[in-house]
Amino acid sequence: MALLQWRKFNFFEVTKEVDNGAVAEALQSGQVTCTASGRGYLVLGDSRGLAHFINRQLEVVSHRVFDAAVSQLVQLRFCPVLAAAGEDELGVSSIKILGLEQLDGGGAPRLLRQLKLPPAADGGTSVTCLNVHENLLFMSAGFTDGRVILWRGDVTRERSGKHQVLHAGAAPVTGLGFRTSGKTSHLFVASTQEVCCYNITFKDKENQIQLDQAGCSPRCAVMSEGLAEPQFTIGRPDAIYCYSANERGACFVFEGDKRLLHWFKGYLAVLTVEPARGGGSEPAAPDKHVLTIYDVSNKYVALSVALRDVTHVVSDWGQLYVVTADRRLLRLTERDTQAKLKVLFKKNLYDMAIRLAQSQQYDADGLVDIFREYGDHLHAKGDFNGAIQQYIKTIGKLEPSYVIRKYLDTQRINDLALYLQALHAAGRATEDHTTLLINCYTKLRDTIQLDMFIQGEDGAVGYDVDTAVRVCRSSGYYEQALTMARRHQQTDRVIAILTEDLADPGRALQYVAQLPHQQCEAAILRHGAALLKERPQETVELLKKLCCAEPQSEAEAELAVPIERYLDLFVAQPDAQAGFLQHLMEVRPDALDSDALLALLELYLADGSAAGDGAVQRTESALRLLDSPRLDLPLALHLCHSRGFQQGTAKLYERAGMHSQILQTQLEAGDYEPALETCRRYGQTLPHLWLEALRALTKQLEAPAGVIVTVLDTIEKGKLAPSMEVLEMLVESPTLELGTIRDYMSRTLSADQADIDADAQTADKYAAEASRIREQIHREENSAMVFQRTSCAACNQQLELPSVHFFCPHSYHQHCFQSYADRDDDCPLCLPEHSQLLSDLRSQSGAEETEAQFFQQLETADDMFSVVADYFGKGTFSRPRPEEAAAESGAPELTPAPNGMSAYLAAGAARTGPGLPAADSEARVRAAEQRSQPTQSVAEGRLRAAQASQVAPTVAEGRLRAAQVSQVAPSVAEGRLRAAQASQVVPSVAEGRLRAAEVRQPPLSRPTSEGRQRLQEAARTADAKTRASDRRPEMAQTVSRAAAPNPFEEGPNPFDEDATNPFLDDEADASNPFAGDADEYDKSLNPFEE
């Protein structure tokens, strides 16, 4: 667009000498070479290497950046970083990155990074332009030799990236610009001969796009600001050109020799030079500099002013600053929007005023005033249609009566109707406005517009709708009446008009389908029967959609109409009812109750005339229907029986868990293969089905022999019943031949005979074992036993004192036994076997009694399930495994006893037979003594024997159990034989110490509380009558020799009071370790103590 077509205004005020000479004072003799702005400062670089920072109060602070001149400055908007290019040495250029918020000791910006520029082929490194990306990841520099160098990485860090020569041209570079769109970055390069663009997103993959073959002068290339899309803008003498990443864009024909371009708040400032006009003898006048500010968006010139010697233009703080060659600073201040609008209103430039207000983000109220003034201006000029268009834009802010009064003339009725339509469309119309609009259509006889207004989605009727509808119906305007009734949700009137006046039930169904859910339900209940009569298929589809719709809220779900109420609509349409119920059964089966399901099932089974695929389909549908959980099973079963629907009957039996009835039905019908399949399917959990099948087959006259053989084989493999019970069933068959069951009988009889033989052998084995055990018991009770083990049964090492011996006969080191055994009175190796035997005995003795008690409680209990659960918890119905029984008895998991070892010997005589004495461990005796008398304690190695006639022997640390009924049971410990007094003494040996007991009465199984009390009393009264002698290796004897003397013969008794007894308390014997107090033991006198 040519400049002559753009209007010129003076929207900027020029102020001179705003710095009061501060800039000139700071520059002194230097000249401004470059400028930058941002972060609250104007930055001027001069020819002496200084950078002058000017704040908002126009105060100047100067810092040296280079030793020579500063050629380029770039101030980033969002980062406190200043990039400067200049020379520290003559002919050697470098780039410095300064941190504005990081100051050195002198208050100057801190140097973050310095890059020495590589020289060109001719040795020059003069920088003509510099640019830094806002993200600090790219920096580029252009040189006089046409090179463009690109740095990647953080420009503020040293060695963050290597440079690369991106462009190598023949002409000096005059402009650089970065642009980022999404994840793609571009670099625009302008020289005096060309304009190109590089895609620099990926390293080493830069591609060049030639945008133009003509370039621009220095400082005439800049990235646009304030536009929707940033563009690279360059100025040439003929025009201003804008470039995107791929092509050249808009062009503004602004002629003139352009020296500088600068973007400011959407304005484009262009500095042009007009040559001086002189001639003849008059001296040549200097060139005229003209600064022009263009509003590119609104297409007008905001300012055009002639200035002298303008060198640079820079902007910040919403103002534009101009630097002249004589070191002066001028300020250009933009006028406020209201002042601009006043100027435009005076010139009647309302279109431009509207665009200006919209570009300045003017509020709605301000825009309404502009539209109203513009409308009044057009109305006064006679442009009524243009005026009404502006008045329409004021709807919502301007009072409608202000406009209506201007258009009450009959000749302007079309414009008034247009305004009223817009008023209704905006939702600002009242009843009076609607009435006025209908009157306009009536006078104009514009039925089309009337129909459009009534049928419009946002139309509204402000008068009595009932009266209007009645008049329209009486006048024959059924469509208009229908539209108004529909708009005001008069459902009954709409359906009445469609069915009575227009005779169109299809449209009535469509209207009902569009209603909200609750209104649709109410309408279909009132008019559904009539609609089914006229349009059954469409009505059923509507009912399906209505019943299958999911409720949007809990309140809607509570108000939903039950499906049973819709069934009354199908009294005259049974076929339609079948389709309706079938659809609901497929998509929403949970919505049907039992009555609806039975009705559908009856419809499936009612029509028996159809055949072929129809009958198969009905059968499959009926079978699927029987899977519904809401179906009443007894009624459905009765219906299937009455209609002869055998598949359905079987399915219902299966669903009810009546497998016996299924089997009976199949066998009665002669379906033997399905019957066998039923037995195979449920026989794993219900094995009695096979027995029932056999019982039913034996009662039939024509039962196939193969089926009977199959059933018999299954019963035999699964051991489902005894053979005699099966034979009793087979005998009842009147037609069964012996050949059919010959193989079965042969196998079962052979198996039974084998079981009988095995049981006989087991009985003989147990009898022989019992005899052997009795003999061993007699031998151990009436003869001495020699312990000749030389190795420990636990560690297999040489047996050493102190040691523990058992009758099994296993021997242990005392420390091995204490760490190996869990119980003090049992052999660790034999304990698992003994525990299992005891568990079997207890289970056999109590099984019959427990079973009888269980059934008795089950018959008398109110809650039988609790009784069964109680016995399950006790483990009555489960036989524990051997390892579980051993765990319950406290037995450790040890290596089983050697073959041939008697379980009786391992367990001890006190635990396997009645009448045999049981001995308690030393720890238990101590615990009993401590509970009964806290002051009484048993010292280790000493046992208090009980006097009188009831003394139960105890063993400490030896864990050796002696059994005695009425005889004398002697025992030997490692070579020393101890004799018991009289003929009824039960001695026991532990670790070389012999514990003696007085003559006692028949033994007790275990010391009771009374027995413990007697033991304690005897211990308190007894002196040192039962003390053991020291264990010495030289005292060991071999008892197994036949010629050895019998220690049990009458002779001198070492325990007699008259004899010399080393265990007696002898205060005079200083070498006796047991002398002195009965509860004290002197270790120092015992030669075997370590």
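Predicted model: local features only at pLDDT ≥ 70, side-chain atom pairs only at ≥ 80, totals over all residues.
**Group meeting talk: loops, rings and helix pairs**

Let's start in a loop. P802 sits between α27 (738–782) and β30 (803–805). The peptide bond joining L801 to P802 is cis. Its omega is about -5 degrees. Most peptide bonds are trans, and most residues other than glycine have a negative phi.

Next, phi. D204 belongs to the loop between β17 (195–199) and β18 (207–212). Is D204 buried or exposed? D204 counts as exposed, because its relative accessibility is 63% and the cut-off is over 50%.

N348 also has a positive phi, about 60 degrees, and is not a glycine. Its loop runs between α2 and α3. N348 is partly exposed, at a relative accessible area of 41%.

That brings us to α3 itself, residues 350–359. Which residues of α3 are buried? They are Y350, M352, A353, I354, L356 and A357. What covers them? Among the strands, the cover includes β1 (7–8), β25 (288–295) and β26 (300–307). Among the helices, the cover includes α2 (337–346), α4 (364–381) and α5 (384–392). After α3 comes Q361. The phi of Q361 is positive too, near 55 degrees.

Now the rings. A pair of aromatic rings is described by the distance of the centres and the angle of the planes. How many aromatic pairs are there? The count comes to 23. I'll show two.

F9 with F11 is one. The centres are 5.0 Å apart. The planes are 5 degrees apart, and planes under 30 degrees apart count as stacked, so this pair is stacked. F9 is buried, with 7% relative accessibility. F11 is buried as well, with a relative accessible area of 1%.

F12 with Y267 is another. Here the centres are 5.4 Å apart. The planes stand at 80 degrees, so the pair is edge-to-face. Where do the two partners sit? F12 is in strand β2 (residues 12–15), and Y267 is in strand β24 (residues 267–274). F12 is buried at 2% relative accessibility. Y267 is buried, with a relative accessible area of 3%.

There is also an aromatic cluster to look at. Its members are W6, F252, F254 and Y294.

A quick stop at S191. It is found in strand β16 (residues 184–191). S191 is buried, with a relative accessible area of 5%. What does S191 touch, leaving out residues up to four places away in sequence? A171, P172, V173, T174, G215 and C216.

Last topic: helix packing. Two packed helices are described by the angle between their axes and the distance between the axes. I have two pairs.

Pair one is α13 (residues 505–514) with α14 (residues 517–534). The angle is about 155 degrees, and the axes are 11 Å apart. Angles over 145 count as roughly antiparallel, so that is what α13 is to α14. The crossing is left-handed. From α13, the contact uses P505, A508, L509 and V512. From α14, the contact uses C520, A523, L531 and E534. By class, that contact has 7 nonpolar residues, no polar ones and 1 charged.

Pair two is α17 (residues 574–587) with α18 (residues 594–606). The angle is about 120 degrees, with 10 Å between the axes. That makes α17 oblique to α18. This crossing is left-handed. The α17 side brings P574, Q577, A578, L581, Q582 and M585. The α18 side brings A596, L597, A599, L600, L603 and Y604. How does the contact of α17 with α18 divide by class? It has 10 nonpolar residues, 2 polar ones and no charged ones.

Look at the cis bond between L801 and P802. Look at the edge-to-face pair of F12 and Y267. And look at the buried residues of α3, with α2 and β1 included in their cover.

Methods:
Residues numbered from 1 in each chain as written. Heavy atoms only, no water. Axes fitted to C-alpha atoms, helices over the stretch in contact; angles between N-to-C directions. Helix = DSSP H or I, 4+ residues; strand = E, 2+ residues; numbered from the N terminus. Parallel < 35°, antiparallel > 145°, perpendicular 65-115°, else oblique. Left-handed = near helix turned anticlockwise from the far one by under 90°. Contact = heavy atoms within 4.5 Å. Nonpolar A, V, L, I, M, F, W, Y, C, P; charged D, E, K, R; others polar. Phe/Tyr/Trp six-rings, centres within 6.5 Å; stacked < 30°, edge-to-face > 60°. Buried < 20%, exposed > 50% of the residue type's maximum accessible area, 1.4 Å probe, protein only.
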